[in-house]
Amino acid sequence: MRRFENIINLLQCAFETEEEDEKKGIVTFVNFYAKVIQDVEDDSFVEGFRNLITENTEAYPFLSHDLILEVLSLDIEDRRKAYESIQALIEEFLEHPLLDTSGFLPEVLYIEDGTLYADIISKQSISFDVIRSIAVSACDGAPVELEGRGVQPLQEEEEMYSYLYRYGTMHKAKLESALEFLPAEELNTAVDVIDWGCGQGLASVVLCDYIKKYVLPIKTKSFTLIEPSELALSRAALHVKHACPDVAIQTYCLGFDSLQPEYLLKGNDRTKIHLFSNVLDLSGIFFSQNQLIETIENSCRGRNYFVIASPYSDDIKADQIDAFKRYFMNNYSTAKLYGDVSNSKSVSGTYWNCNQNYKDSKCFTHSGNGCNSRWTRIVKVFSVVI
């Protein structure tokens, strides 16, 4: 209840100044309502919250939006059913466009070949640091601007270089901090790795580096790379091929909503490691989280380890990520949680890291919460037998 006024004030301001973000704001509020429905057991509290919304429709006109009114009309006696109905209404409202997959061939390996970059990569021992150093040299101190801080699928080579130049170090640090929670004693086995929204394959390369650095007993048998940008996907396969030679690679140039469960069926119950790096905070924008979960449940039998690392953008996106974890923790008795940490830039947020500190350089602007450029993260690592 205490957060209600703050949230609706921020959203009303967004509606009045940023028309293009109307859908995002509506979905943000509906997800906030859905979280209350799912997590709060006190019926009187929930009823009071619903009344608070209806009582404020004049002061905050966006609360009269058709989607919000439809959500409020749902029967909430069965909380889980109500939550699922709300998510279905969100998906219908967002009208997630399926990517054109008419030219996609699941048996084709998308991999960069015959380019200057491929030639450079083939002549070196590849690691994340080598890949980033090539990108930094290519930028020559002048990286191009990236729409939405690199959130949109990368479509130009210069964008791939710039992403590594601007965010590569932070990307690597978040992943390494997540991989620290993987239970090495449980992973003395053969595994298949699925890199969701792999971009240039950076998460997979960091995993390869991590296994080598700490001489972990993980025996990687295959990498499945899923990414809607053909340019980025082809480069990802090139990176993984040289970072982990002699390991099978499959590529799917698709968005998550277009991915068929049979594409991921391996014909075995081998352990799987799922990498979600800077991805799950985009659910509701680029893909349906409910559909993603359904795809995993229908295709990934056996033990699955989930490694999730994202920036802490805001509380709503943080809860979207937590909702993914909660689904498995609440619905599978086999679920085990290994790590769950977050660091935001809020005044009350705890300091985790920053660029200067990561480079072992003293940061003189540290206060009790770290410097103004401190990094954020959301890290969740858990396993479940499906």
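**How helices cross and what lines a pocket**

Modeller: Let's start with a crossing: H8 passes H10 in a right-handed way. Please keep in mind that this is a predicted model.

Biologist: Which residues of H8 and H10 meet?

Modeller: Glu157, Met160 and Tyr161 of H8 meet Leu231, Ala232 and Arg235 of H10. By class, that contact has four nonpolar, no polar and two charged residues.

Biologist: What makes H8 oblique to H9?

Modeller: Helix H8, residues 157-179, and helix H9, residues 202-213, pack at an angle of about 50°, with axes 10 Å apart. That value makes H8 oblique to H9, because the oblique class takes the angles left over by the roughly parallel, roughly antiparallel and roughly perpendicular ranges. The crossing of H8 and H9 is right-handed.

Biologist: Which residues in H8 and H9 meet?

Modeller: On the H8 side they are Tyr163, Leu164, His171, Lys172, Leu175, Glu176 and Leu179, and on the H9 side Leu202, Ala203, Val206, Leu207 and Tyr210. The contact of H8 with H9 has nine nonpolar, one polar and two charged residues.

Biologist: And H9 with H10: why are they called roughly parallel?

Modeller: The axes of H9 and H10 cross at roughly 10° and come within 9 Å. Angles under 35 degrees count as roughly parallel, and H9 and H10 are therefore roughly parallel to each other. Ser204, Val205, Cys208 and Lys212 of H9 make this contact with His239, Val240 and Ala243 of H10. Its residues divide into four nonpolar, two polar and one charged.

Biologist: Now to the pocket. How do you know which residues line the second largest pocket?

Modeller: A lining residue has an atom within 4 Å of a point of the pocket. For the second largest pocket, 37 residues form the lining, and Gln38, Tyr83, Gln289, Ala323 and Arg326 lie nearest its centre. Helices H2, H5, H12 and H13 and strand S7 are the elements that give two or more residues to this lining.

Biologist: Which element gives the most to the lining of the second largest pocket?

Modeller: H13 does, with 12 residues. The pocket has a volume of about 770 Å³.

Biologist: How do the residues of that lining divide by class?

Modeller: The lining of the second largest pocket has 13 nonpolar, 11 polar and 13 charged residues.

Methods. Residues are numbered from 1 along each chain as its sequence is written. This is a predicted model: local features need pLDDT of at least 70, side-chain atom pairs count only at pLDDT 80 or more; totals for chains, interfaces and linings use all residues. Side-chain values use heavy atoms; hydrogens and water are left out. Axes are lines fitted to C-alpha atoms, for helices over the stretch in contact, and angles run from 0 to 180 degrees between N-to-C directions. Helices (H or I, at least four residues) and strands (E, at least two) are DSSP runs, numbered from the N terminus. Angles under 35 degrees count as roughly parallel, over 145 as roughly antiparallel, 65 to 115 as roughly perpendicular and the rest as oblique. A crossing is left-handed if the near helix is turned anticlockwise from the far one by less than a right angle, and right-handed if clockwise. Contact means heavy atoms within 4.5 Å. Ala, Val, Leu, Ile, Met, Phe, Trp, Tyr, Cys and Pro count as nonpolar, Asp, Glu, Lys and Arg as charged, and the others, Gly among them, as polar. On a 1 Å grid over the protein atoms alone, a cavity is a set of points where a 1.4 Å probe fits but cannot get out, and a pocket is an open set with protein on both sides within 12 Å along at least five of seven lines; lining residues have an atom within 4 Å of a point. Grid points are joined across faces, edges and corners, and a volume is the space filled by probe spheres set on the points.
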